[in-house]
Amino acid sequence: MSDKEVILTQDGLKKLEEELENLKSVKRREVAERIKVAIGYGDISENSEYEDAKNEQAFIEGRIITLEKMLRNARIINNDEIDTDTVSIGSTVTVEDLEFGDTMEYAIVGTAESDPLQNKISNESPVGKAILGKQKGAVVDVTVPAGVIQYKIVDIKK
């Protein structure tokens, strides 16, 4: 990951800080204990438990480095920066699929905290890009693998 600016909401910042703290204070100790136990089993050259624990340790250390870099390069979006007239990062937007009439509500967030299963979509996703900067009532075309979907922006809120 380069030193690219990471855009976060207050909630996203809190979640990343909590994950970092958990990795440093809990997970590191757990994996160190697993390694210690695995070494006690004897020859580590053919010890799958040791190998597994070392791989987990490498993953944890890599994630810690990534999180620290993200937090160093974070730009926090405060609630008072969120405009309800125009879609921006931090907005919660209700859109209507003009073909099927379905409505969906999405929170627009930075890529670091996107979670499509919780309707948190990135400002860099196809839908996010299409609606960013638009106003209530606007109709946007979103290019997806299946073709083009037309959405109408029904509501914008914080």
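Glu 124 is partly exposed, with a relative accessible area of 39%. The classes are buried for under 20% relative accessible area, exposed for over 50%, and partly exposed in between, with a 1.4 Å probe and protein chains only. The model is predicted: local features need pLDDT of at least 70, side-chain atom pairs count only at pLDDT 80 or more, and totals for chains, interfaces and linings use all residues. Residues are numbered from 1 along each chain as its sequence is written, and side-chain values use heavy atoms, with hydrogens and water left out.

**Salt bridges**

The side chain of Glu 124 meets that of Lys 4 in a salt bridge, at 3.1 Å from N to O. Lys 4 is in the segment before strand 1 (6–9) and Glu 124 in the loop between strand 5 (120–122) and helix 3 (126–131), so the pair ties together parts that are 120 residues apart in sequence. Lys 4 is also partly exposed, at 44% relative accessibility. A salt bridge here is a side-chain nitrogen of Lys or Arg within 4 Å of a carboxyl oxygen of Asp or Glu.

| Pair | Closest N to O distance |
|---|---|
| Arg 34 and Glu 56 | 2.1 Å |
| Lys 157 and Glu 105 | 3.1 Å |

Glu 56 forms a salt bridge with Arg 34. This pair links distant parts of the chain, with Glu 56 in helix 2 (residues 48–72) and Arg 34 in helix 1 (residues 10–40), 22 residues apart. Glu 56 is partly exposed at 27% relative accessibility, and Arg 34 is partly exposed at 23%. Both belong to a network of salt bridges that links Arg 34, Glu 49, Asp 52 and Glu 56.

Lys 157 forms a salt bridge with Glu 105. Lys 157 lies in strand 7 (residues 147–157) and Glu 105 in strand 4 (residues 103–109), so the pair ties together parts that are 52 residues apart in sequence. Lys 157 has a relative accessible area of 35% and is partly exposed; Glu 105 is partly exposed at 37%.

The protein has 3 helices and 7 strands, in the sequence pattern β-α-α-β-β-β-β-α-β-β. Helices (H or I, at least four residues) and strands (E, at least two) are DSSP runs, numbered from the N terminus. An open sheet of 5 strands has the order 5-4-3-7-6 with mixed pairing. Its edge strands are strand 5 and strand 6 (139–144), each of which pairs on one side only. Two strands pair if DSSP finds at least two bridges between them. Strand 6 and strand 7 pair in the antiparallel sense over 6 bridges, and Val 139 has Lys 152 of strand 7 as its bridge partner.

Leu 98 sits in the loop between strand 3 (92–97) and strand 4 and is partly exposed at 38% relative accessibility. Leaving aside neighbours within four places in sequence, Leu 98 is in contact (heavy atoms within 4.5 Å) with Val 139, Gln 150 and Lys 152. The C-alpha atoms of Leu 98 and Gln 150 are separated by 5.7 Å, although the residues are 52 apart along the chain.

**Overall dimensions**

The C-alpha trace spans about 70 × 35 × 25 Å along its principal axes. Buried residues make up 33% of the 158 residues.
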